[in-house]
Amino acid sequence: MIQEAQSKKVVVVGAGWAGLGATYHLAKQGYDVTLLEAGPYPGGLVAGWQTTGGKSVEAGIHGFWYPYRNIFSLINELEINPFTTWTRSAQYSPAGLEVESPIFQDLPRLPTPLGTFIYTQFQRLPLIDRLSALPLLYSVVDFDNSDAAWRRYDFVTARELFKDFGVSARLYKEAFEPMLLVGLFAPGEQCSAAATLGMLYFFILAHQADFDVVWCRGTVGEKIFRPWVEKIEKAGAKVLPKHRVTDLIIDSNNQATGVVCGDEVFEADAVIFAVGVTGMKKIVASSPSLQSRPEFRNLQNLGAIDVLATRLWFDRKVEIKRPSNACFGFDDTTGWTFFDLNALHDEYKQEEGTVIEADFYHANQFLTWSDEEIVGTVQRYLTTCVPGFREAKVIDSSIIRLPQAVTHFAPGSYRYMLPAQTSFANVFMSGDWIVNRHGSWSQEKAYVTGLEAANLVISNLASGTPAEILPVEPDEAHIQVARKVNQTVRELGKSILPDFWLP
């Protein structure tokens with residue numbers, strides 16, 4: 001089978017989690033794989049790079065949560081050790097420390113979502129407000145990640161969802177909206193309720209330990225992507241940076257036969273796109289072949305969100321209680337996080353001063369500011385959370401502006417998102433914005449969809465062994481029972497009630 005695959009050419013577009021995942025598996029199956037990356041190095045926004053002064057920077061810090069089963073399996077296969085131990089996190093507002101999270105897997109396991117509510121240490125939020133979330137559990141049960149559930153909840157905003165289920169104003173403002181600002185990168189009135197439920201369930205509510213997180217001990221590019229790309233190239237794949245795709249060549253049989261990069265053409269028996277929404281829209285804008293299909297034209301209805309990534313070097317050590325921290329209430333529509341890189345990154349453990357990464361999401365209003373304005377604002381915000389920053393001086397900084405960097409799961413956007421299989425017989429999609437039923441999110445979803453796209457190529461070209469994809473941990477027994485009862489009631493209601501209510 002591998003010999004047969006060697007004559008089959010696959011072109012993968014985009015060298016992030018999805019593209020690298022698809023390329024690695026197909027190369028191991030003997031395919032002739034070419035991976036095209038528009039940027040100067042594999043990994044895209046996730047990878048990170050070094051400044052001219054030799055300091056590591058990256059386009060925002062990325063966590064690796066407990067349910068990232070497939071990524072952790074890959075790390076074991078690569079035989080690398082890129083991660084910290086499990087870390088505790090905190091949450092701040094302008095009033096100070098609001099929430100501290102334990103390492104949930106170290107505590108007795110309670111039925112979901114009891115552990116999340118009981119073990120999380122809220123400093124100010126009254127119990128009565130926390131209890132107002134209980135009616136919301138119905139929507140968690142009702143949203144089962146099916147196509148019908150997505151269509152039912154996608155036209156509703158997250159804010160409407162929480163209001164309709166009686167969540168208190170304080171709980172929304174101090175708990176749920178901060179989660180949205182750093183999880184879906186937008187305020188509640190701009191987030192789809194479907195995406196909200198999917199994200200909250202995967203990261204927080206499905207199982208007690210799901211919110212536990214580890215971090216890369218350096219940039220993802222250095223610690224994970226570099227050794228991974230070496231393995232990919234040893235497996236025979238070609239990784240070509242600085243190759244921006246501009247079109248596909250489609251034959252009379254509805255098959256892609258080539259991928260166009262300016263004046264170059266790469267022959268293909270199958271094509272996998274593994275780029276973000278913004279990158280895909282750029283490719284479609286230059287591609288008459290893709291513009292010929294409504295599904296690709298409709299991608300112009302999707303949006304993305306601005307991110308600002310800052311890294312500050314201070315002249316002294318400042319004591320920070322937890323290495324990872326989320327913040328809310330500093331700006332109405334912007335969430336931000338800050339990280340103690342002396343605690344997380346190997347290269348800064350012996351640093352004489354403090355190194356902080358502060359990342360801002362839905363950062364539209366900040367991108368036009370000067371570097372000096374941004375640095376001053378970040379230090380002021382840090383001082384509100386950790387007073388020790390007041391006397392510290394910034395001796396170096398990195399400011400990275402990232403317009404349209406991450407997917408915007410806006411209300412009503414689901415209908416425009418693409419499935420893995422396109423209307424071209426041998427063109428497949430992957431990425432964290434692609435419609436699938438695995439149930440994962442963020443980096444894990446991107447990697448999983450890359451494997452799913454590779455498996456579609458293997459099925460289409462009838463050669464090779466499909467990648468094994470680990471499912472998310474099954475729902476707990478009481479959730480399974482509740483979902484079965486709910487589904488039965490829904491089907492019964494459909495059979496006896498008129499179908500004239502909006503879903």
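P113 lies in the loop that runs between β7 (96–101) and α4 (114–119). In this predicted model, the peptide bond between T112 and P113 is cis, with omega about 0 degrees. Most residues other than glycine have a negative phi, and most peptide bonds are trans.

**Backbone: residues with positive phi**

- E79 is not a glycine, yet its phi is positive, at about 55 degrees.
- E79 is exposed, and its relative accessible area is 71%.
- H362, likewise not a glycine, has a positive phi of about 60 degrees.
- H362 belongs to the loop between β18 (355–361) and α16 (371–385).
- Whereas E79 is exposed, H362 is buried, with a relative accessible area of 9%.

**Helix packing: α2 and α11**

- Two packed helices are described by the angle between their axes and the distance between the axes.
- Helix α2 (residues 17–28) packs with helix α11 (residues 220–234) at an angle of about 25 degrees, and their axes are 10 Å apart.
- Angles under 35 degrees count as roughly parallel, so α2 is roughly parallel to α11.
- The crossing of α2 with α11 is left-handed.
- On the α2 side, the contact is made by W17, L20, G21, T23, Y24 and A27.
- On the α11 side, the residues they meet are V220, I224, F225, W228, V229, K231 and I232.
- By class, the residues of this contact between α2 and α11 comprise 10 nonpolar, 2 polar and 1 charged.

**Two faces of helix α12**

- Helix α12 spans residues 277–286, and its buried residues are V277, M280, K281, I283 and V284.
- These buried residues line one face of α12, because they fall within an arc of 160 degrees when seen down the helix axis.
- An α-helix has 3.6 residues a turn, so residues three or four places apart point the same way.
- K282 and A285 are exposed, and they sit on the face of α12 turned away from its buried side.
- The two lysines K281 and K282 can be set side by side: K281 is buried, whereas K282 is exposed.

Methods
Residues are numbered from 1 along each chain as its sequence is written. This is a predicted model: local features need pLDDT of at least 70, side-chain atom pairs count only at pLDDT 80 or more; totals for chains, interfaces and linings use all residues. Side-chain values use heavy atoms; hydrogens and water are left out. Buried means under 20% relative accessible area, exposed over 50%, partly exposed in between (1.4 Å probe, protein chains only). Helices (H or I, at least four residues) and strands (E, at least two) are DSSP runs, numbered from the N terminus. The arc is that of the directions from the helix axis to the C-beta atoms. Axes are lines fitted to C-alpha atoms, for helices over the stretch in contact, and angles run from 0 to 180 degrees between N-to-C directions. Angles under 35 degrees count as roughly parallel, over 145 as roughly antiparallel, 65 to 115 as roughly perpendicular and the rest as oblique. A crossing is left-handed if the near helix is turned anticlockwise from the far one by less than a right angle, and right-handed if clockwise. Contact means heavy atoms within 4.5 Å. Ala, Val, Leu, Ile, Met, Phe, Trp, Tyr, Cys and Pro count as nonpolar, Asp, Glu, Lys and Arg as charged, and the others, Gly among them, as polar.
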